[in-house]
Amino acid sequence: MLVTGGAGFIGSNFVHDTVRRFPDVAVTVLDALTYAGSRRNLDQVSDQVTFVHGDICDAALVDGLVRDTDVLVHFAAESHVDNSLNDPSPFIQTNIVGTFTLIEAVRRHDKRLHHISTDEVFGDLPLDSVEQFTEQTAYDPSSPYSASKASSDMLVRAWVRSYGVQATISNCANNYGPYQHVEKLIPRQITNVLLDDKPKLYGAGDNVREWTHVTDHNDAVHRIITAGQIGETYLIGSGDERSNRQIIEQLLTLMDQEPTAYDHVPDRPGHDLRYSNNTTKLRTDLGWQPTYDFAAGLAATITWYRENPTWWKPAKSQTEARYKLLGR
């Protein structure tokens, strides 16, 4: 198995899970080690995987690695909306050109591909509705990040139809858990509190997200790889929807702080209102169910960041300096 982006947040958790559950699978990780990826994320399994430092846009490198694998699991991506608004170019290069490079290698060598994507490709939903995204929802991306991921999804779909590439796609709701970069909502607020700073809430905080623990996400990915139908897309999500304000208030309560002890900061441009995935297809066809209760998962995530300050502190000051420049 070749895992791109396997030193990042979701990818490294997937590698840990794969090594634990499938010890007979030889895992190779390809990662460019940008700011969001770290070899340290793989320390606990470093003697059980092969690590290759490289770029998914490097066609010669990718070709050799894909030739020697059976299954490619494609996590590698630029993924932070704020960064895409500030500079879209890395998103175009990694998410579009990188995916093109990978699927061309998969096509040449007739390998199995699973492509990881996001529910953000669908745009957003009204706050006051019960509407959900489905696998048939039309794409309506609202940021350079989601537009680049939508483009990569379309490339994979076209290569399945035009060339018979053996691929599946999953679009997941927001993830949380260990090894997530401190620029993201939940780890940013946790680490702010740990440093005696206040969490930051965009605007009124009414925007709603569906939160899935990274372990549940990766369990779904394994099920799709082993039992999913080629050419199909599967939505992944826990069904647990909460506003950003509710997330921060719950986090503060779990950290023994006043639930209103946060600062309001200016909202991001084009901030999507609500995401919600209908996961009936995944649950019915593949028998997947989430196992994490959100409150317990959030408490465990807080504990992980509290116990691993040497992991997140080096990136914290630079991240907050960048947010200060953005006014957020």
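**Sheets, helix packing and aromatic pairs in a predicted model**

Three strands, in the order β7-β9-β11, make up an open sheet with mixed pairing, where two strands count as paired if DSSP finds at least two bridges between them. Strands here are DSSP runs of E with at least two residues and helices are runs of H or I with at least four residues, numbered from the N terminus. This is a predicted model, in which local features need pLDDT of at least 70 and side-chain atom pairs count only at pLDDT 80 or more, while totals for chains, interfaces and linings use all residues. Residues are numbered from 1 along each chain as its sequence is written, and side-chain values use heavy atoms, with hydrogens and water left out.

- Strand β9 (residues 208–213) and β11 run antiparallel and are joined by three bridges, and Val-208 stands opposite Ser-243 in β11.
- Helix α8 (residues 244–254) lies across β9 and β11 and runs at about 85° to β11; axes are lines fitted to C-alpha atoms, for helices over the stretch in contact, and angles run from 0 to 180 degrees between N-to-C directions.
- Within α8, Asn-244, Ile-247, Ile-248, Gln-250, Leu-251 and Leu-252 are buried, where buried means under 20% relative accessible area, exposed means over 50% and partly exposed lies in between, with a 1.4 Å probe and protein chains only.
- The buried residues of α8 pack against α6 (185–194), β8 (200–202), β9, β11 and α10, with contact meaning heavy atoms within 4.5 Å.
- Asp-256, which follows α8, has a positive phi near 60°.

**The seven-stranded sheet**

- Seven strands form an open sheet with parallel pairing, in the order β3-β2-β1-β4-β5-β6-β10.
- Because β3 (49–53) and β10 (233–236) stand at the edges with a single partner strand each, one side of each is left without a neighbour in the sheet.
- Strand β1 (residues 2–4) and strand β4 (residues 71–74) run parallel and are joined by three bridges, with Val-73 in β4 as the bridge partner of Val-3.
- Helix α2 (residues 59–67) lies across β1, β2 (27–31), β3 and β4, and runs at about 165° to β2.
- Helix α7 (residues 214–227) also packs on the sheet, where α7 touches β4, β5 (112–118), β6 (166–172) and β10, and the direction of α7 makes about 145° with that of β5.

**Helices α10 and α11**

- α10 and helix α11 (residues 309–326) pack at an angle of about 80°, with their axes 6 Å apart.
- The two helices α10 and α11 are therefore roughly perpendicular to each other, on a scale where angles under 35 degrees count as roughly parallel, over 145 as roughly antiparallel, 65 to 115 as roughly perpendicular and the rest as oblique.
- On the α10 side Trp-304, Tyr-305, Arg-306 and Glu-307 take part, and they meet Pro-309, Trp-311 and Trp-312 in α11.

**Aromatic rings and charges over rings**

- Rings of Phe, Tyr and Trp (its six-membered ring) pair if their centres lie within 6.5 Å, and planes under 30 degrees apart count as stacked, over 60 as edge-to-face and the rest as tilted; by this rule the count comes to 13 aromatic pairs.
- The rings of Tyr-176 and Phe-294 have centres 5.2 Å apart and planes at 65°, so this pair is edge-to-face.
- This pair links distant parts of the chain, with Tyr-176 in strand β7 (residues 174–176) and Phe-294 in helix α10 (residues 294–307), 118 residues apart, and both Tyr-176 and Phe-294 are buried.
- Tyr-305 and Trp-311 form an edge-to-face pair at 6.2 Å centre to centre, with 75° between the planes, and both Tyr-305 and Trp-311 are buried.
- Phe-122, Phe-133, Tyr-139 and Tyr-275 are linked into a cluster by ring pairs.
- The charged end of Arg-107 sits over the ring of Tyr-163, 4.1 Å from its centre, and that of Lys-281 sits over the ring of Tyr-234, 4.8 Å from its centre; a charge sits over a ring if NZ of Lys or CZ of Arg is within 6 Å of the ring centre and within 35 degrees of the ring normal.
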